[in-house]
Structure formats: structure tokens, C-alpha cells
Amino acid sequence: MLRQLLSGFSSIHVGLQVGYLISILIEKGIPILLEQTSRRFPKRKVKSFGVEDRISALPDDLLVRILLLVPTKDALATMILSKRWRSIWTMVPKLDYLEMISDDTNKVVIGGLLGRLLERFFGRNDQKRLWLLRFIDESLQAHKAPVLEALAIGVDRGRHVDVVDVGNWIKKAVHSRVRELGFILRWSAEPTRLPNNLYTCDTLVSLGLSNKILVDVPSPACLPSLKYLILDSVVYKDEDSLARFLSSCPLLKTLIVERHHQDNVKVFNIKAPFLVFLSYHYVKLEPHGEAIEGSLVIDSPALKKIFITDHSRDSYSIENEPRLEKANINFRCYPDDRFRTSLSSVMCLELVLSFATFSWFSTIGYSYLMECKIILVHDLDWLQPLMFLLQNSPNLKVLLIDKTFIQVAEELPLSWNQPSSVPGCLSTHLEIFEWREYKGRNEEREFINYIFANSKCLKRAGFSLKSTGNHKDRKNMKDLESMYRVSTSSQLLFSTQVEYMSVSGETRE
């Protein structure tokens, strides 16, 4: 997860540094490889055209900037070009070791010349892992750039705890005034406590911690520049350590959290005065299907965007009622009144329907809501509650209904009663209406017929079907085409994959 999330930070194009092991490769590995190559391809006389190597004549700082544009394994390969290049990449200020480990296979996937050398000298994948750990250790020690702008390290599964001291990697990064740090530990050992100087690094702007990491924050702690924080499946020493961590980040703007039920936290308290974006993901339950009872408490008055997926049935509360602009909600609990009220200001809402969220439609006024995506994952009697939402959303322009996740042979009966008054959004605002996995049930047909007959501003109606060649789907298409649309200029589209287009023109899958 962390690798994908780190892409939200500034791009990390990195070159590894020349350490003791690089010298071994240069002195022993490369001559052997070149000797093998010369045996397979005998030397031939080559006519010289007198081509001048102008790139090598460039100043060091420009060559470093060039190496920043290529992947690590490619930057590494430049050391064999000539003596001129052997030490250039030791000044590259961004280091990315993540690309050398595959997320899917947990194999060392170093390619190119270095990859072939590793195959020759180490062969087995576990031996290459050990070599890679030592290589990271040595290359960090040899790093010469005055400032380490970014460092990303991933240690995959295996028992390599005693090979290197990963704490020294963090100390080196902090000493080099690192600005962006991503650290993933997937090994089978116990969670690792990181050095205390990490929590007092005054240059750190972006930090991502993932998996076997123990968050044990000392007192005092201060991260005065930190704005972006990812906590992915880590373990916390206790709730106080989490509180100290967040309170030590006075400028924190983005927080991304993925939890598991063994992280030692019951009350997850998020107190960050300048937090703008929060993503909170907690779906792993205890072995018998029941999660430990807990709660999420949010005290972030500047919060604008919130993405929550939580199947733990924890309680939710929110302080200071921030004016949210965008919300993506998927949980089974019943949040407090202040949490529900904070949603009244959203302009873009994505909601997974459940019994807990039904009541929101009739009790909350969504005066600012312009785009709404309703996702059904359970078979529910949902049409009537949706009409309450339309009644309470006078400025709604985009409505998407997604039923792709419902996999039941027989669906529950639906209730549909035509409202006594037409929702204001249909008369004056609704422009885009889309439905994924439309099946043409009688109540659904009546609902769509009502939408078509009253949406005066409708520009496009799209329906996604499993197969346009299916007899039932063809029948549904003809039925929809025959319905009266009050907006004569509106388009009716059918596809096996309708793309959701927002008002702003942004395509969303």
C-alpha cells in the first residue's frame, strides 16, 4: 500500500550510492562479465568516427541532475561507463530502494547489468536479499550529497534481522537532513523501534511508515516541518505515543492511516489543527469476526476531505464540526450527530449504503452537494431513501448509482412511491445521471422514468450493462430508449463500462 500512497508525495527518482560493495563489483564482477562477453563475441576492428564524449565533459552537478531522471538500477549501471562516472552518482540526493523488491512476488528484481551480476554471484533469491540489505547499508554510508532530499527503503519478508541495523539508516537520513522518508519493513521479526532522532527531525516534510514498525514516540518530540504522514499497518506502543506523534506535527495537512486489530490502540484520537485531508482504513477483524470495541475521535477544524472505510463497528465522533467539501464514507457504525452534521457542507459525496447511513438522507440538508455517488454492496430497500436525498440536495448536478458489488441471485423487494413534489435538483440542476449494473427491475424502471420525466437540465444519462449482447440487456436498452425525456437535448448512452464524468470534466473509474 505504502508504495502507491507515496506517489502522492513529490516524485522520488533516485540513484544509489557507491559503497564498499560497489568497489567489489567494479573490481571483480564487471571484469568477469566483460571477459565472458568477449568470449561469446570476439573482438572486431571497429572504424573510429572520432565521436567526442560530450556528456562526460559536463560539470558534476549537471550529471547528477541527469541521474535523477532515471531509475536507480539504471543510475547504478553508469558507474561502468568510465572512471569519470564511478563517483558521480554518490552525489545524487534522492535514493529509492523500493524498486528493487517486487510487491507481488517479494523477489529481488534488480535488472540490467547489476541484475546479471547478482544472478552470477548470488544466484538464489534469499542470498540476493541478504546482499541487497548489505548493499543498502554500505551505499548509505558512502552517500556524499550534503542534503538527502528523499529516501525510500523496503525490506521484504525473511529473517534478516541481524544482517544490518536499520536504525542506522534512519539516523543517517536524519543526519543528512532528509525531507521525504518512506520506510517499509515486512520481515518476520517483531516490530522494530525506530531511533528517537526521527521524531525530532526539523527538515522532514513527508513521512511514510509501513508494517513491522513500532511507533514509540519519546517526549519531547517535534516535527515542525512535517505536512504529509502515512501510517500503514504499524504498531503503536500505546495511545499516548500516537497522541504525542500527532501533536508533534503542528503543520500536518495530510494523514493516511491503515489499521489492524493488533495495533494496541482502542481510541484512535486524531487531533491536528491544520489537517486538510484524512484517509482512514480499518477493515481487519479479529479471528472470530468481532473487532475490539473502540472509537475514532477527530478534532481537526480545518478538515476539508475525508475518506473513511471501517468495518470494525467502532464509534465515531468529530469535534469542532469542520466544513467538509468532499467525503467518501464506508462504515457500519452509527456516528454521533456532530459527525453527521459535518457532512451537510460537502460538495462531493461518495457513500456506501447501509442501515446506518439511511437516516442521513432524511435528516441532513445537503445544500452544497453537487456530485453524489451511491454504492450498494448489500441488498437493501434503497430507492425511497434515495428520494429523500434528492429532496434534500437542491443543487445536485451529478448522480451515480453503482450496483456492481451486489452478487445475489434473488434481490429483496423495493419500495417506490412517487413523491408529491418534484425535487428541486431535478428541475434546475441535474445534468449527469449514470447507473452501473442496471438490471431493469420494475421499481427501478419507475424510478428512472421519473428521473427522465422531471430532469429538465439533463445532458447525459449512461447505463452500464454486463453485456450489450445479452437478450435481457437488449430488452432493457430498448425500454430505456422508449422512455420520455423532458430534456430533448440529453444523450442516452449504453456501455459495458460507463465512465463516471464529474461536472469539472474529471474522469473517474
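Predicted model: local features only at pLDDT ≥ 70, side-chain atom pairs only at ≥ 80, totals over all residues.
Residues are numbered from 1 along each chain as its sequence is written, and side-chain values use heavy atoms, with hydrogens and water left out.

Two packed helices are described by the angle between their axes and the distance between the axes. For helix 10 (residues 355-363) and helix 11 (residues 383-391), the axes come within 7 Å and cross at roughly 40 degrees. Helices (H or I, at least four residues) and strands (E, at least two) are DSSP runs numbered from the N terminus; axes are lines fitted to C-alpha atoms, for helices over the stretch in contact, and angles run from 0 to 180 degrees between N-to-C directions. Helix 10 contributes Phe358, Phe361 and Ser362 to the contact, and helix 11 contributes Pro385, Leu386, Phe388 and Leu389, contact meaning heavy atoms within 4.5 Å. By class, six of the residues in this contact are nonpolar, one is polar and none is charged. Here Ala, Val, Leu, Ile, Met, Phe, Trp, Tyr, Cys and Pro count as nonpolar, Asp, Glu, Lys and Arg as charged, and the others, Gly among them, as polar.

An open sheet is formed by three strands in the order 4-6-8, with parallel pairing. Strand 4 (192-193) and strand 8 (235-236) stand at the edges with a single partner strand each, so one side of each is left without a neighbour in the sheet. Strand 4 pairs with strand 6 (residues 213-215) in the parallel sense over two bridges, pairing requiring at least two bridges found by DSSP. Arg193 stands opposite Leu214 in strand 6. Arg193 also belongs to a network of salt bridges with Asp216 and Lys237.

Tyr199 is placed in the loop between strand 4 and strand 5 (206-211). With a relative accessibility of 1%, Tyr199 counts as buried; buried means under 20% relative accessible area, exposed over 50%, and partly exposed in between (1.4 Å probe, protein chains only). Beyond its neighbours within four places in sequence, Tyr199 is in contact with residues including Leu214, Val215, Asp216 and Phe245. The C-alpha atoms of Tyr199 and Pro220 lie 8.7 Å apart, the two residues being 21 residues apart in sequence.

Side chains of opposite charge can pair when their charged atoms come close. The structure holds 13 salt bridges, each defined as a side-chain nitrogen of Lys or Arg within 4 Å of a carboxyl oxygen of Asp or Glu. Glu319 forms one with Arg338, the closest N and O atoms being 3.1 Å apart. This pair links distant parts of the chain, 19 residues apart, with Glu319 in the loop between strand 14 (315-318) and strand 15 (326-331) and Arg338 in helix 9 (residues 337-342). Glu319 is partly exposed at 25%, and Arg338 is partly exposed at 36%.

Within helix 9, Arg340 and Asp337 are three residues apart and thus separated by about one helical turn. Their salt bridge has its closest N and O atoms 2.0 Å apart, and Asp337 is exposed at 51% relative accessibility. A further salt bridge joins the side chains of Glu444 and Lys403 (2.7 Å, N to O). Glu444 lies in helix 13 (residues 442-454) and Lys403 in the loop between strand 18 (398-402) and helix 12 (424-428), so the pair ties together parts that are 41 residues apart in sequence. Both Glu444 and Lys403 are buried.
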